[in-house]
Number of protein chains: 2
Amino acid sequence: MALKARVLYDFHSENPGEISVRENELVTVFSEEELEGWLEGKNSRGRLASSPRPTWRSSGTTSPPTRPITTRPITTASPRPNPLAIPHFQGSDDDWDDDWDDTLPATQQAKSTATVGRNLNRFSTFVKSGGEAFLLGEANALVRDGDMMCVVMGKHGPEWQEDPYPFTCTIDDPTKQTKFKGMKSYMSYGLTPSHTNVQVNRRYKHFDWLYARLVERFPVISVPHLPEKQATGRFEEDFISKRRKGLMWWMNHMTSHPVLARCDSWKLGKRKAERDELVGANFFLTINPPDVPLDLQDVESKVEGFKTFTKRMDENIIVVNTTINEFGRKQMIGFKKEYQKVGQSFKVLAQAFEMDQQAYSVGLNKAIAYTGEAYETIGEYFADQPRHDLDPISDLLDIYKGHLANYPDIIDVQKGALTKVKDCPQQESDLHERCNIISCATLAEIQHFHRTRVRDFRLQMQHHLQQQISFFQKITAKLEDALHRYDEQ
Amino acid sequence: MALKARVLYDFHSENPGEISVRENELVTVFSEEELEGWLEGKNSRGRLASSPRPTWRSSGTTSPPTRPITTRPITTASPRPNPLAIPHFQGSDDDWDDDWDDTLPATQQAKSTATVGRNLNRFSTFVKSGGEAFLLGEANALVRDGDMMCVVMGKHGPEWQEDPYPFTCTIDDPTKQTKFKGMKSYMSYGLTPSHTNVQVNRRYKHFDWLYARLVERFPVISVPHLPEKQATGRFEEDFISKRRKGLMWWMNHMTSHPVLARCDSWKLGKRKAERDELVGANFFLTINPPDVPLDLQDVESKVEGFKTFTKRMDENIIVVNTTINEFGRKQMIGFKKEYQKVGQSFKVLAQAFEMDQQAYSVGLNKAIAYTGEAYETIGEYFADQPRHDLDPISDLLDIYKGHLANYPDIIDVQKGALTKVKDCPQQESDLHERCNIISCATLAEIQHFHRTRVRDFRLQMQHHLQQQISFFQKITAKLEDALHRYDEQ
């Protein structure tokens with residue numbers, strides 16, 4: 001069924017089978033059904049081909065002249081582009097280097113090693129990230145109003161201005177896809193953002209690409225780490241479930257970060273994003289600091305305090321993670337076995353008693369046999385429980401381990417700037433201003449870390465305790481059920 | 001304060017410091033306070049001395065001319081003597097052979113090896129118990145009406161006539177006593193029968209003496225075994241508590257057995273009981289069988305079935321006992337350790353978080369620390385739990401292990417009688433009658449075993465499950481408490 005749609009922004013075909021479309025052009029889409037982000041249709045000049053769907057997404061103010069229901073995917077009224085309509089925007093899936101897949105050895109750092117300008121041979125993060133270049137006034141790019149990120153002065157210090165259009169994004173169980181006539185298989189995840197409620201399909205490598213872009217782009221932002229790459233067992237249920245949960249956490253941290261959630265890379269697509277100029281040093285050009293500059297001494301002490309905090313947190317979450325993983329293992333094996341052994345012994349008792357089948361014995365015999373079964377079931381409950389209330393904590397700790405690994409670099413950038421300013425003999429006002437921008441961004445990021453941490457750990461501990469409570473209530477109910485079997489008939 | 005009391009039965013003094021009293025004599029008691037079963041007072045002829053309290057117990061129909069409240073201990077209206085006013089009735093505690101104490105090696109069989117009549121050199125229980133002698137018509141003793149035990153035909157076969165005056169008896173925590181100026185110590189238990197509600201003090205050796213009397217006296221009654229003798233650690237809390245519980249079970253089985261609860265040995269006291277004639281073969285003279293004799297074939301098959309039952313139960317309760325003891329040990333050590341480790345790791349997490357003392361962090365930090373404590377407490381709950389819900393099952397299994405060990409002998413007596421009757425060429429009616437008496441007693445005892453077993457295991461499994469439910473509810477409450485700490489202030 002053909003649908004009319006209005007084009008969101010220009011797209012230039014670069015491959016056979018693609019058609020170029022212009023912003024605001026009225027096009028015909030042959031079917032709502034998309035194929036890996038592409039739709040079939042014709043442009044206003046009548047050229048037939050595929051064009052990627054996001055190009056045609058309405059900017060919200062113009063309503064296309066088609067029936068509202070059938071055009072839902074392309075008329076979603078959102079004042080911002082659907083951030084999840086990437087990353088394989090430009091070119092089909094096969095345009096991606098297949099070696100660069102989710103099976104790369106974990107040792108290979110996904111983090112970009114791209115550098116800016118003349119400092120190619122220097123290795124400090126301060127230099128590599130573009131912090132130094134920015135501080136020295138070498139950053140230079142066109143910054144539009146829409147690119148600006150405000151740091152505001154909050155009750156607890158500098159913080160990122162809140163995202164005015166917060167959204168979340170669910171990731172559904174992935175499905176196994178094949179291409180090259182089944183020669184190659186991969187898992188495809190269904191992503192559904194809350195503000196469109198439309199599912200799009202993405203692969204791990206698309207996340208991985210986006211991650212690398214974001215790291216390269218934002219020098220003092222802690223980009224959440226993706227769940228680990230894994231060479232084998234990609235299609236095993238446990239791995240898939242674990243990766244999905246890891247991606248959920250990742251997505252949660254992406255969408256709840258005021259800067260990352262607004263980032264263009266979400267929608268620019270592969271080719272364009274890789275040509276984006278507002279990366280590294282230029283990112284700092286987009287930061288709008290509060291009116292009053294920060295006290296550098298105060299910044300230094302706060303950053304130092306945070307450094308100590310992260311070190312301690314990093315050490316201690318390892319203890320927690322080891323302990324709860326071991327606890328989970330004990331429940332799944334040891335606890336289960338103990339309850340099942342008790343259950344079996346009660347059943348053995350019932351078997352002996354069943355040799356006396358007098359009327360007044362039968363009820364008891366059945367009740368004891370039932371109690372045995374109840375204990376076996378409780379053993380299963382124990383084995384099943386860790387995935388409900390321990391694994392989520394473990395997942396949470398994993399994402400925080402990633403953040404904690406990011407902060408030494410972030411602190412490095414801020415410290416580099418501070419040292420540079422201190423070293424500078426004359427009070428160069430521009431240098432100070434730029435150092436203030438870096439400091440504001442760093443402290444806003446630290447503030448965001450703490451807020452997110454408090455939110456996440458509160459929610460996760462609550463979840464854990466609620467699950468534990470349900471678990472013990474389930475056991476209690478089972479035991480009560482068994483107890484009633486002893487009521488004399 | 002002097003009290004008047006009426007003497008229950010004759011007592012002849014045999015030692016200095018004792019006075020003789022006659023049945024129905026009105027005596028003066030100087031104080032309600034008894035010293036190891038003895039009271040101080042004077043007899044109607046004005047002789048001053050101690051006399052054992054039970055002697056003065058009212059038979060219930062005569063009310064002494066004293067104030068009811070102060071005379072409570074000696075005017076309790078019970079139609080039977082207080083069975084617990086023994087076993088050290090006659091003579092003071094020092095009359096007992098001190099070697100024959102509760103520290104005898106467990107290897108020494110407390111069971112009587114006394115034999116009857118001419119069969120001194122024969123070893124089968126049938127012979128030793130007096131079964132053969134009775135069957136052969138060699139039993140001979142004066143049997144009073146009050147000594148008769150009725151076997152009645154119930155819905156499920158022969159059973160002991162129910163005790164018309166059922167009672168129970170509690171055993172309180174024992175206290176350590178000394179004599180010979182502290183040279184010798186022993187534990188004294190406070191026994192309180194339900195029908196008098198008066199506490200008397202007894203030692204393990206008194207139970208042991210009574211046990212031996214009962215075994216000797218009742219050839220086909222399963223006298224409950226006493227808790228094990230123990231050479232060391234007699235004054236350790238755990239041992240004392242365990243022995244008290246063992247004695248409670250023993251007492252429970254004594255008082256709920258229609259024959260044992262009525263038994264004279266309870267009140268005759270050491271010297272007289274040891275002169276009792278109605279033991280062994282003569283016990284059968286006291287049995288009054290139902291009018292219609294049993295079918296021997298039927299008896300044989302029932303006894304055979306029971307033999308199989310006991311063998312299976314004996315094997316299976318060993319499995320249960322081993323399992324629950326191991327389960328208890330796991331809870332006290334492993335489970336406790338796991339929960340405490342999780343608790344400690346949460347506290348470690350809280351410690352890291354406490355380095356960030358911003359207002360919005362403090363509540364979470366405290367909540368996580370509290371959760372850590374909650375888990376440590378739950379660990380303690382696990383360690384404490386087995387004594388509430390596993391140890392009682394273990395105690396129950398112990399008393400049943402004792403009964404099951406008794407049955408081969410009981411079955412031996414019955415089988416011996418049956419074989420003798422089968423071997424007998426002529427149909428001797430007296431022999432059949434006497435075999436019927438033995439069979440009736442055996443089947444009544446088996447019936448009693450099953451009824452008691454069903455009662456005990458039902459109650460104990462209910463108790464176990466109730467305790468487990470309370471335990472898990474206690475854990476749930478603790479977790480709910482922790483959960484509320486996360487409510488944002």
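Two strands pair if DSSP finds at least two bridges between them. Strands (E, at least two residues) and helices (H or I, at least four) are DSSP runs, numbered from the N terminus.

This is a predicted model, in which local features need pLDDT of at least 70 and side-chain atom pairs count only at pLDDT 80 or more, while totals for chains, interfaces and linings use all residues. Residues are numbered from 1 along each chain as its sequence is written, chains are lettered from A and ligands numbered from 1 in the order in which they are written, and side-chain values use heavy atoms, leaving out hydrogens and water.

**View 1. Strand β8(B) pairs with β7(B) and with β9(B).** Strand β7 (residues 169-179) of chain B runs antiparallel to β8(B), joined by nine bridges. Look for B:Thr178, which stands opposite B:Ser185 in β8(B). Four residues separate β7(B) from β8(B) in their hairpin. In that turn, B:Phe180 has a positive phi of about 50 degrees. The pairing of β8(B) with β9(B) is also antiparallel, over three bridges. Here B:Tyr189 faces B:Arg202, which belongs to β9(B).

**View 2. Strand β8(B) is mostly covered.** Ten of its ten residues are buried, a word that means under 20% relative accessible area; exposed means over 50%, and partly exposed lies in between (1.4 Å probe, protein chains only). B:Lys184, B:Tyr186, B:Ser188, B:Gly190 and B:Thr192 point one way. B:Ser185, B:Met187, B:Tyr189, B:Leu191 and B:Pro193 point the other way.

**View 3. Asn197 has a positive phi in chain A and in chain B.** A:Asn197 is not a glycine, yet its phi is near 60 degrees. A:Asn197 sits in the loop between β8 (184-193) and β9 (200-203) of chain A. Its relative accessibility is 57%, so A:Asn197 counts as exposed. In chain B, the hairpin of β8(B) and β9(B) has six residues between the strands, and B:Asn197 takes a positive phi near 60 degrees there. B:Asn197 is exposed too, with a relative accessible area of 56%.

**View 4. An open sheet of three strands has the order β6-β5-β10 in chain A.** The pairing is mixed. The edge strands, β6 (157-160) and β10 (287-288), each pair on one side only. Strand β5 (residues 149-154) pairs with β10(A) in the parallel sense, over two bridges. A:Cys150 has A:Asn288 as its bridge partner in β10(A).

**View 5. B:Ser439 is found in helix α12 of chain B.** This helix spans residues 429-484. Is B:Ser439 buried or exposed? B:Ser439 is buried, because its relative accessible area is 1%. Contact means heavy atoms within 4.5 Å. Leaving aside neighbours within four places in sequence, B:Ser439 is in contact with B:Leu294, B:Leu296, B:Val299 and B:Gln414.

**View 6. Chain A and chain B are in contact.** The contact involves 63 residues of chain A and 63 residues of chain B. Together the chains bury about 6,400 Å², 73% of it on carbon and sulfur atoms. Buried area is the accessible area (1.4 Å probe) that two parts lose on being put together, summed over both. In chain A, A:Tyr360, A:Arg458 and A:Phe472 lose the most area to chain B, together 11% of what that side buries. Four salt bridges (a side-chain nitrogen of Lys or Arg within 4 Å of a carboxyl oxygen of Asp or Glu) are found across the interface. B:Arg453 and A:Asp356 meet in a salt bridge, at 2.8 Å from N to O.
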